[in-house]
Amino acid sequence: MSWPKHEVQTPPYYLHSEGKGIDIDKWSIIVTEGPILSSNEIESWQSQLALKLPTMAFGQNTLSFHYNRERKFYFSTFDALQTVSHCSSWLRVKPAALWENRQANVDLFDANYDWTFSTTYGGTWLMQGEETPLSATESCLDWSLLRREDIPLLFFKELTLYEDELDDQGISSLSVRLRVMSSFFYVLCRFWLRVDDVHFRLYDTRIYHQWNSNVVMKEYSEQEASFQQVSEMGVDSRWFTNSDFMQKVLPLTKKTATRYYLTP
Amino acid sequence: MGISDLDAWIEKLKKSVLPSEDEIKVLCGKVREILVEENNVQVVYAPVVIVGDVHGQFYDLLELLKVGGEPPWTNYVFLGDFVDRGYNSVETLLLLLALKVRFPDRVTLIRGNHESRQVTQVYGFYEECIRKFGSATVWRLCTEIFDCMSLSAVVEQRVFCVHGGLSPGIESLEDIEAIDRKQEVPHEGPMCDLLWSDPEEVEGWTLSPRGAGYLFGEEAVQHFLHVNHLDFIARAHQLVMEGYKQMFHGRIVTVWSAPNYCYRCGNVASIMELDENLERKFKVFEAAPDSSRPEKGRVKAPEYFL
């Protein structure tokens, strides 16, 4: 495949040691990483959040974006978990149907939170944005540029903020991916839920900024379908564990764009 | 298949050299003969080492055997979840099966919820068998072995060992013996509960908010221990950053034996040694060094994701 020439001079950049970030243009992008929370930390977070935590909460994983030395937005596990609903979810795992008669005899765990850990979190923003709804076919991102694989990739990072195996009945995960290119940065923050044989849910936040522009674009989309709907589309079940693939097939239920303006 | 053949297999497996499909058929035949004769509550003597989830982390299992000592010098109870999630479920399971055949009285294998047809088809073991052998034959042979695995063990009539936890349908150890275990793990009922349930700070019994699976509290544990004249329960099934977790005044302990779970959680693992007096000693260990694992450096390559 050949692309038209991409006429951008890569600005000078500086890579932090051990993959902990990059300084480029007026931006400084900083990564922190660590293991899952300890048992003591889990207890403390649980009482602060009034939530039973996902089994893997990567409490030290953060990704922050600073512009002219001022933090503009960042991703944090704690902030994300703060957005998990305190109402119980309508979703149930597949074997739940077989358990219905047992439910009469036993109390349901006092679930004043959403056990699927669903979140619309797309970063914590320290600037004001202008939100507009988008139709399914509209986009505020430059896809022709994003798809190009000939542009040098200067820095890549993938962080899991949290993940839960839903008792081996699926997956709930929130992750952030970043790539810094010679002419722009691009972030995908993804909430991915698969309840085996029951449901798929994908909430994606995409963030895009081209050097020398005064705007940071954020596009948010929600996709959702039952296993039955997906099976009827004829999707092979071996793709069910691949969120990148499922993103291409799940029906879109919501889409918005937000523009954040940078002041020089 | 003689002892020398078995020893040769074990040595080869430790170097992650896989036996042929025909050899695996023979091994499975042998292990099946042993497992079908076992009780649903296996009798085990101290001193013994209790091992939690391993999840196909083969090089960490080799590390574990160094930390705990090699069988038959060390007596082991493995609490299940040998397969899925990790990269080497095949090697992990086959090594444990070979050790079981070689030292049947020194290696006890308890079934976990991942030792199931349905779960292994979603969480890795099935895929790995297809990838490594080109067909589902080995997976099928192994799942037949899963059906024969015991459901629990009792050490010196005082420590109850199980993968998940208790069941409201089980009052006594005799109730466990009464289960017809030679089947796929059911979606509900006592056998399912033993492999799936979790201890939690709740009163008595509650149902998980997911709509299936029990959570049991201190009261339920105390009642079960009292009825069956037991001291405490050893179980696995839940990831613990510190490798083990004691709850309910030490009446139940979770043992987790997969260090750096899924190669990214950064947790330590542990095994629990019970001496002649059933005193607990936790041996904590970290993931095998990169130099000993061929799958090292699985740092995600930069990708042009969209």
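# Briefing: a predicted model of chains A and B

Chain A holds six helices and 15 strands. The model is a predicted one. Chain B has 10 helices and 14 strands. The two chains touch: 37 residues of chain A are in contact with 31 residues of chain B.

**Chain A overall**

- Along the principal axes, the C-alpha atoms of chain A fill a box of roughly 70 × 45 × 35 Å.
- Of the 264 residues in chain A, 32% are buried.
- Take the contacts in chain A with a separation of 6 or more: 68% of them involve residues 24 or more positions apart.

**The open sheet of chain A**

- Six strands of chain A make an open sheet, in the order β1-β2-β3-β5-β6-β8. Their pairing is antiparallel.
- Which strands sit at the edges of this sheet? They are β1 (13-15) and β8 (124-125) of chain A, and each pairs on one side only.
- β8(A) pairs with strand β6 (residues 70-76) of chain A. That pairing is antiparallel and runs over two bridges.
- F73(A) has W125(A), in β8(A), as its bridge partner.

**A residue to look at: N61(A)**

- N61(A) lies in the loop between β4 (56-57) and β5 (62-67) of chain A.
- Is N61(A) buried or exposed? A residue counts as buried if 20 or more other C-beta atoms lie within 10 Å of its own. N61(A) has 22 other C-beta atoms within 10 Å, so it is buried.
- Setting aside neighbours within four places in sequence, the contacts of N61(A) include T32(A), E33(A) and G34(A). T77(A) is in contact with N61(A) too, as are L159(A), T160(A) and L161(A).
- K20(A) is 41 residues from N61(A) along the chain. The C-alpha atoms of K20(A) and N61(A) are 11 Å apart.

**Where chain A meets chain B**

- Contact between the chains involves 37 residues of chain A and 31 residues of chain B.
- On the chain A side, the elements that give two or more residues are α3 (96-103), β7 (107-108), β10 (153-164) and β11 (170-181).
- Which of these elements gives the largest share? It is α3(A), with five residues.
- The side of chain A that touches chain B has 19 nonpolar, seven polar and 11 charged residues.

**Chain B overall**

- Chain B comes to 10 helices and 14 strands.
- Its radius of gyration is 19 Å, close to the 19 Å that the globule rule gives for 306 residues. Chain B is therefore as compact as a globular protein of that length.
- The C-alpha trace of chain B spans about 55 × 50 × 35 Å along its principal axes.
- Buried residues make up 50% of the 306 residues of chain B.
- Among contacts in chain B between residues at least 6 apart in sequence, 73% link residues at least 24 apart.

**Helix α1 of chain B**

- Helix α1 (residues 3-14) of chain B has 12 residues. At 1.5 Å a residue, the helix should span 16 Å.
- The end C-alpha atoms of α1(B) are 16 Å apart, which agrees.
- S16(B) follows α1(B), and its phi is positive, near 50°.

**Strand β13 of chain B and its partners**

- How many residues of strand β13 (residues 269-274) of chain B are buried? Five of its six residues are, so β13(B) is mostly covered.
- Strand β2 (residues 48-51) of chain B joins β13(B) through four bridges, and the two run antiparallel. Here V51(B) stands opposite I271(B).
- Six bridges join β13(B) to strand β14 (residues 280-285) of chain B, again antiparallel. In this pair, S270(B) is opposite V284(B) in β14(B).
- β13(B) and β14(B) form a hairpin with five residues between the strands. L278(B) takes a positive phi near 60° in this hairpin.

**An annotated stretch of chain B**

- An unreviewed UniProt entry places the feature "domain: Serine/threonine specific protein phosphatases" at residues 110-115 of chain B.
- Over residues 110-115 the chain is 0% helix and 0% strand. The end C-alpha atoms of this stretch are 10 Å apart.

Conventions. Residues are numbered from 1 along each chain as its sequence is written. Chains are lettered from A and ligands numbered from 1 in the order in which they are written. This is a predicted model: local features need pLDDT of at least 70, side-chain atom pairs count only at pLDDT 80 or more; totals for chains, interfaces and linings use all residues. Two strands pair if DSSP finds at least two bridges between them. Two residues are in contact if their C-beta atoms, placed from the backbone, lie within 7 Å. Ala, Val, Leu, Ile, Met, Phe, Trp, Tyr, Cys and Pro count as nonpolar, Asp, Glu, Lys and Arg as charged, and the others, Gly among them, as polar. The radius of gyration is taken over C-alpha atoms; the globule rule is 2.2 Å times the number of residues to the power 0.38. A residue is buried if 20 or more other C-beta atoms lie within 10 Å of its own, exposed if 12 or fewer, and partly exposed in between; C-beta atoms are placed from the backbone. The expected span of a helix is 1.5 Å times one less than its number of residues. UniProt positions are given in the numbering used here, feature names are shortened, and annotations may be inferred rather than shown by experiment.
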